[in-house]
2 protein chains.
Amino acid sequence: MSTTTPDAGQAPGQPAPAGPAGLGVGMRLSLHPHTDDFVDVILGALEDVEAAGLTDGLVLETDEVSTYVGATRAPAEQRLAAYLTTLVTAASRRCSGGHVVAHVLLSRGCPGEVSCDLATTDLPRVDPVDLPPSGLPAIAQWSLYPLLDGDGGGGDHMAPIEEAIAAARRSGVATAPRHYATRLAGDLSQVVATAVDAWARVGATVPHVVTHLTLSLGSPSVTEETR
Amino acid sequence: MSTTTPDAGQAPGQPAPAGPAGLGVGMRLSLHPHTDDFVDVILGALEDVEAAGLTDGLVLETDEVSTYVGATRAPAEQRLAAYLTTLVTAASRRCSGGHVVAHVLLSRGCPGEVSCDLATTDLPRVDPVDLPPSGLPAIAQWSLYPLLDGDGGGGDHMAPIEEAIAAARRSGVATAPRHYATRLAGDLSQVVATAVDAWARVGATVPHVVTHLTLSLGSPSVTEETR
């Protein structure tokens, strides 16, 4: 549970421990191929990503609901974004361009399962991720949550968020607001990079930042008009 | 986009406008039947819920990725929880107990798509929801995000969150922590009620609260051992 109980292992206001693992940089993701063959598609896609060598520097744990992917080595955001994009691409190919949805939770700044209280000093500035085009059009809904303490130590968190959103709009990937989310559209790689880069950018000034991204490919309700 | 830019329509620190619509109480949900017949399952389940009269007091907008369900009349939480549980039950029945996942984002305290700044006064205290047992076992992953401003006005937000989580643990529904989430297990109705009640309870003292819930039914990776 994020933001629920104080983390016993972390003194309040401490600088973040060094490295992606110390910052708890990682994601949970679930993959939903809308086909009778969903088990083969999911297992095959996971094998494809492993065969492509993209699990290097990551730790993976799959349970009944989703897969946790934690980054153990820099560049953490690049590794996570490449893993996610390649996995979704592989799933889409394995179900012949049919309808595949991925739901992703990206988190940073809370190494345990619970609330923590890292200082706003020593937070890393991260380069934008670099992903080759996937060739697959994707639509997404995206929400970004800077998790502050309400104790006056939050600092100026609005500036980097507004900057991140403005960058997404300038790129043309953020296309419209939705209730509780922003609609993203573009090549799968662009959509993933937009969410990951914004999340990492806010993480340079706010310790604990979570973003949720629902990626949809091959939906029959997407027409040329809505795309 | 939640928590991104100041809401032009809302002066800072204002009491929440009256009623569920004024507080922006609603959800986005997406339904993922893992079957070739996913279109029929989804459309059929939506019809079932409408035929059961459960869209009363709600406004619905479906787009390419998810469905927005906003509450226009009290009891907002009860209406949302009944809609969600009945929809997922209908989808599960329509695909003969096959694998169905629903992803849900519940939000309160931010009527627009963007950040807002409601005061912590006049927030409603909400009765727990009352749902008949669905008869369907569900596993879920759940995250709860109180969205504070970091300006010192957040008040004591930890107490109601710890209380909500303790209640979920006492009920036996919250079974284990996961990275970035808590695992819930039980009858679908219990699982939904646990997340909805915790979210509403925190909303009595924190204006803007979002919770994400990934519900999984009929997964082939759930064995008697893991259940």
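Let's start in chain B, where B:Val41, B:Gly44, B:Ala45, B:Leu46, B:Asp48 and B:Val49 of H2(B) meet B:Tyr83, B:Thr86, B:Leu87, B:Ala90, B:Ala91 and B:Arg94 of H3(B); contact here means heavy atoms within 4.5 Å. Sorted by class, that contact of H2(B) with H3(B) holds eight nonpolar, two polar and two charged residues (Ala, Val, Leu, Ile, Met, Phe, Trp, Tyr, Cys and Pro count as nonpolar, Asp, Glu, Lys and Arg as charged, and the others, Gly among them, as polar).

Before going on, some housekeeping: this is a predicted model, in which local features need pLDDT of at least 70 and side-chain atom pairs count only at pLDDT 80 or more, while totals for chains, interfaces and linings use all residues. Residues are numbered from 1 along each chain as its sequence is written, chains are lettered from A and ligands numbered from 1 in the order in which they are written, and side-chain values use heavy atoms, with hydrogens and water left out.

Back to the helices. Helix H2 (residues 38-51) and helix H3 (residues 76-94) of chain B pack at about 135°, their axes 8 Å apart. Helices (H or I, at least four residues) and strands (E, at least two) are DSSP runs, numbered from the N terminus; axes are lines fitted to C-alpha atoms, for helices over the stretch in contact, with angles from 0 to 180 degrees between N-to-C directions. H2(B) and H3(B) are therefore oblique to each other (under 35 degrees is roughly parallel, over 145 roughly antiparallel, 65 to 115 roughly perpendicular, and the rest oblique). Their crossing is right-handed, that is, the near helix is turned clockwise from the far one by less than a right angle.

Now for a strand in chain B. Nine of the nine residues of strand S4 (residues 100-108) of chain B are buried, so S4(B) is largely enclosed by the rest of the structure; buried means under 20% relative accessible area, exposed over 50%, partly exposed in between (1.4 Å probe, protein chains only). In a regular strand the side chains alternate between the two faces of the sheet. Both faces of S4(B) are covered, with B:Val100, B:Ala102, B:Val104, B:Leu106 and B:Arg108 on one side and B:Val101, B:His103, B:Leu105 and B:Ser107 on the other. S4(B) runs antiparallel to strand S1 (residues 26-33) of chain B, joined by eight bridges, and B:Gly26 has B:Ser107 as its bridge partner. Nine bridges also join S4(B) to strand S8 (residues 209-217) of chain B, again antiparallel, with B:Val101 partnered by B:Ser216.

Over in chain A, we can look at a whole sheet. An open sheet of eight strands has the order S2-S3-S1-S4-S8-S5-S7-S6 with antiparallel pairing, where two strands pair if DSSP finds at least two bridges between them. Its edge strands are S2 (58-62) and S6 (174-178) of chain A, and neighbouring strands are turned by 20° against each other on average, direction ignored. Within the sheet, S4(A) and S8(A) pair over nine bridges, and A:Leu106 has A:Thr211 as its bridge partner. Helix H3 (residues 76-94) of chain A lies across S1, S2, S3, S4 and S8 of chain A, running at about 5° to S1(A).

Last stop: strand S7 (residues 181-187) of chain A, where six of its seven residues are buried. Six bridges join S5(A) to S7(A), and four join S6(A) to S7(A). S6(A) and S7(A) form a hairpin with two residues between them, and A:Tyr180 in the turn has a positive phi of about 70°.
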